[in-house]
Amino acid sequence: MLIFVILIIVSFVIYFYNKTKQFRTRTVLPIRKKWYAARASMALGSFVTFFGINQLFVFQSTLTYIISSIFIVLGLALVYYNYKASKHYHAFLEEEADLNP
């Protein structure tokens, strides 16, 4: 389906953007690097989830259902874990910015 292809592309672009921001952040800001890494992993998890859902519509076989369900569960686990990590690191971003001008 077209909507899942668009969501796959958008999630990959968000992943690439956050990963680039992670590498370009100064080394004196470790919390910001971890925050960008968590956001990038969250986007990667959504990419894997949308890819698994898209494969359910493209191919109709038992093997596809098994592999797609693994992709969906793994992707949702990545999104959930990294959402919590991103929320945790976000609380320290302002404090870190005050300490490092």
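**Aromatic cluster and helix contacts in a predicted model**

Ring pairs link Phe-12, Tyr-15, Phe-47, Phe-51 and Phe-71 into a cluster. Rings of Phe, Tyr and Trp (its six-membered ring) count as a pair if their centres lie within 6.5 Å; planes under 30 degrees apart are stacked, over 60 edge-to-face, and the rest tilted. The structure is a predicted model, in which local features need pLDDT of at least 70 and side-chain atom pairs count only at pLDDT 80 or more, while totals for chains, interfaces and linings use all residues. Residues are numbered from 1 along each chain as its sequence is written, and side-chain values use heavy atoms, with hydrogens and water left out.

By the ring rule, the count comes to 6 aromatic pairs. One of them joins Phe-47 and Phe-51, which are stacked at 6.4 Å centre to centre with 20 degrees between the planes. These two residues are 4 apart in helix H2, so about one helical turn separates them. Helices (H or I, at least four residues) and strands (E, at least two) are DSSP runs, numbered from the N terminus. Phe-47 is partly exposed, with a relative accessible area of 24%. Phe-51 is also partly exposed, at 32%. The classes are buried under 20% relative accessible area, exposed over 50%, and partly exposed in between (1.4 Å probe, protein chains only).

Phe-51 also pairs with Phe-71. Their ring centres are 5.9 Å apart and their planes stand at 40 degrees, so the pair is tilted. Phe-51 lies in helix H2 and Phe-71 in helix H3 (residues 62-99), so the pair ties together parts that are 20 residues apart in sequence. Phe-71 is partly exposed, with a relative accessible area of 29%.

Ile-72 is found in helix H3 and counts as buried, at 18% relative accessibility. Leaving aside neighbours within four places in sequence, Ile-72 is in contact (heavy atoms within 4.5 Å) with Thr-49, Gly-52, Ile-53 and Leu-56. Ile-72 and Phe-47 are 25 residues apart in sequence, and their C-alpha atoms are 9.6 Å apart in space. Gln-55 lies in helix H2 (residues 30-58). This glutamine is buried, at 16% relative accessibility. Gln-55 touches Thr-64 and Ser-68, not counting residues up to four places away in sequence.

An unreviewed UniProt entry annotates residues 36-57 and 63-83 as "transmembrane region". Such annotations may be inferred rather than shown by experiment; feature names are shortened, and positions follow the numbering used here. In the model, residues 36-57 are 100% helix and 0% strand, with the end C-alpha atoms 32 Å apart. Residues 63-83 are likewise 100% helix and 0% strand, and their end C-alpha atoms lie 30 Å apart.

Lys-87 lies in helix H3. This lysine is exposed, at 56% relative accessibility. Lys-87 and Ala-37 are 50 residues apart in sequence and 12 Å apart in space, C-alpha to C-alpha.

A nonpolar surface patch of about 610 Å² is made by Leu-2, Val-5, Ile-6, Ile-9, Val-10, Val-13 and Ile-14. Patches take residues with over 30% relative accessible area and no salt bridge, joining like charges within 9 Å and nonpolar side chains (Val, Leu, Ile, Met, Phe, Trp, Tyr) within 5 Å. A salt bridge is a side-chain nitrogen of Lys or Arg within 4 Å of a carboxyl oxygen of Asp or Glu. Accessible areas come from the Shrake-Rupley method with a 1.4 Å probe; for residues, only the protein chains shown count as cover. Leu-2 is found in helix H1 (residues 2-24) and is exposed, with a relative accessible area of 64%.
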